[in-house]
Amino acid sequence: MKLSGPFKQIVTLNHLPLKGKLQDESLEIISNGGIVTENGKILEVNDFNFLKQKFPNSEIDLIESEQIALPAFVDAHTHICFGGNRANDFAMRNAGKTYLEIAESGGGIWSSVQHTRQASEDDLVNGILERVNVLLNQGITTIEIKSGYGLNVEEELKMLRAIKKAQAKTKVTLVPTCLSAHLKPKDFDGSSEEYLNYILEQILPKVKDENLAKRVDIFIEKSAFQPEESKNFLLKAKELGFQITVHADQFTAGSSRIAVEVGAKSADHLEATIDEDIEFLANSNTVAVALPGASLGLGEPFSPARKILDKGGILAIATDWNPGSAPMGNLVTQASILATYQKLTTAEVLAAITFRAAYALDLEDRGVLAEGKKADFLTYETDNFQNILYHQGSLKPKSIYINGEKI
């Protein structure tokens with residue numbers, strides 16, 4: 001048993017609703033607080049001196065400088081298993097080239113597919129771990145990672161096995177997602193519908209047999225997979241026992257509605273979502289995952305985060321770290337920028353990168369500092385938690401705890 005503290009402020013994020021808008025006045029903030037942990041779980045969060053008396057035999061993790069504490073962050077959407085680099089894509093976009101022109105010149109997702117296929121499994125493991133450590137240093141202790149740059153049986157399994165091997169080498173929780181339906185590969189001899197059936201018949205059974213992922217994703221878009229074939233694919237993936245998430249409404253509206261209709265845990269992107277679909281999404285338990293890094297990378301509008309919250313939806317914010325459209329990988333910077341443009345309260349942003357993001361990954365054991373929750377939390381050397389977003393990512397965590405242990 002360990003007592004960490006005293007903290008100038010503990011922002012617990014406890015007692016907040018899963019859905020809808022949040023006011024900063026609703027945040028539970030414990031002054032001169034402490035956190036008692038045991039066996040990787042939180043026993044109690046309360047006044048430090050009170051806890052010291054209540055648990056007299058606890059080991060004291062004394063915080064001598066002025067620090068605040070809050071739950072560790074969750075990145076609910078990344079593509080950090082990849083080979084190669086697409087800096088040329090970014091330069092071409094900024095020079096006025098279109099998505100299609102870049103793809104035709106050898107860039108785009110297919111470029112990452114070729115580089116990832118050329119990489120060995122060990123290369124991918126090492127790349128994942130390097131990027132995991134970048135995210136960990138920002139205070140992110142739970143990370144979703146997608147496949148989707150292999151696009152055939154052998155290469156998709158290679159990616160997912162690499163994620164599994166990386167998990168064995170880090171204390172960070174890695175959540176694998178099978179995104180074989182990223183786009184139809186150029187070397188597949190058949191229609192997009194036939195490729196989706198190939199995934200269902202050839203890839204997903206092996207993913208399940210090896211326990212490589214419990215989640216399936218698809219990119220519904222004019223340049224990838226069409227709405228009706230995508231809906232059929234998702235329903236069949238659910239029948240196989242997979243949870244569902246969807247790349248939805250990135251450039252074209254309509255697919256967030258499909259995500260809701262099939263019971264997806266999340267609909268991610270949403271830059272093109274129209275008002276009537278916002279309402280449809282907000283009336284469900286499907287999490288709207290905003291990816292401001294993609295908006296910044298592509299010069300596209302931001303997800304309508306304010307409208308989603310005002311309609312009562314669940315908003316999460318993730319990095320979408322990938323080699324093409326979102327190479328930044330800085331969650332707090334992106335979330336702070338989104339907050340500025342969409343007028344999100346500090347409470348809404350913190351909820352979106354902690355317990356609401358965890359809910360999108362079906363992990364309701366974290367993201368809140370409360371009894372029984374996973375003891376993943378951060379400290380910052382500051383006297384005011386508002387400084388985290390105010391500094392837009394330049395203020396780094398002082399300490400990071402996973403399962404109650406400082407790492």
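A: Buried means under 20% relative accessible area, exposed means over 50%, and partly exposed is in between. Keep these cut-offs in mind while reading this structure, which is a predicted model.

Q: Is Arg 86 buried or exposed?

A: Arg 86 has 8% relative accessibility, and because the cut-off for buried is 20%, Arg 86 counts as buried. Asp 89 is buried as well, at 4% relative accessible area. These two side chains meet in a salt bridge, with 2.9 Å from N to O.

Q: What is Gly 108 in contact with, leaving aside its neighbours within four places in sequence?

A: Contact here means heavy atoms within 4.5 Å. On that basis Gly 108 touches Arg 86, Asp 89 and Ile 102, sequence neighbours within four places being left aside. Gly 108 sits in the loop between helix 3 and helix 4. With a relative accessible area of 6%, Gly 108 is itself buried. From Gly 108 to Leu 338 the C-alpha separation is 25 Å, and the two are 230 residues apart along the chain.

Q: How many salt bridges does the count come to?

A: A salt bridge needs a side-chain nitrogen of Lys or Arg within 4 Å of a carboxyl oxygen of Asp or Glu. The count by this rule is 22 salt bridges. Some residues are joined in a network of salt bridges, namely Glu 144, Lys 146, Arg 215 and Asp 217.

Q: Which residue forms a salt bridge with Glu 210?

A: The partner is Arg 161, and the closest N and O atoms are 2.6 Å apart. Glu 210 lies in the loop between helix 7 and strand 9, while Arg 161 belongs to helix 6, so the pair ties together parts that are 49 residues apart in sequence. Glu 210 is partly exposed at 30% relative accessible area, and Arg 161 is partly exposed at 30%.

Q: Where do Glu 279 and Lys 311 lie in the chain?

A: Their side chains meet in a salt bridge of 3.5 Å, N to O. Glu 279 is in helix 10 and Lys 311 is in the loop between helix 12 and strand 13, which makes a link between distant parts of the chain, 32 residues apart. Glu 279 is partly exposed at 38% relative accessibility, and Lys 311 is partly exposed at 45% relative accessible area.

Q: Which residues of helix 7 are buried?

A: An α-helix has 3.6 residues a turn, so residues three or four places apart point the same way. In helix 7 the buried residues are Ser 192, Tyr 195, Leu 196, Ile 199, Leu 200, Ile 203, Leu 204 and Val 207. They pack against helix 6, strand 8, strand 9 and helix 8.

Q: Where does helix 7 bend?

A: The bend is at Ile 203, by about 35 degrees, and Pro 205 follows within four residues. Helix 7 has 18 residues and spans 25 Å from first to last C-alpha, close to the expected 26 Å. After helix 7 comes Asn 211, with a positive phi near 55 degrees.

Q: What covers the buried residues of helix 4?

A: The cover includes helix 3, helix 5 and helix 6. The buried residues of helix 4 are Ile 109, Trp 110, Ser 111, Ser 112, Val 113 and Thr 116.

Q: Which residues does the UniProt annotation "domain: Amidohydrolase-related" cover?

A: According to the unreviewed UniProt entry, that annotation covers residues 68-405. In the model, this span is 42% helix and 16% strand, and its end C-alpha atoms lie 17 Å apart.

Terms used: Residues numbered from 1 in each chain as written. Predicted model: local features only at pLDDT ≥ 70, side-chain atom pairs only at ≥ 80, totals over all residues. Heavy atoms only, no water. Buried < 20%, exposed > 50% of the residue type's maximum accessible area, 1.4 Å probe, protein only. Helix = DSSP H or I, 4+ residues; strand = E, 2+ residues; numbered from the N terminus. UniProt positions renumbered as here; feature names shortened; annotations may be inferred. Expected span 1.5 Å × (residues − 1). Bend = angle between axes of the 7 residues up to and from the residue.
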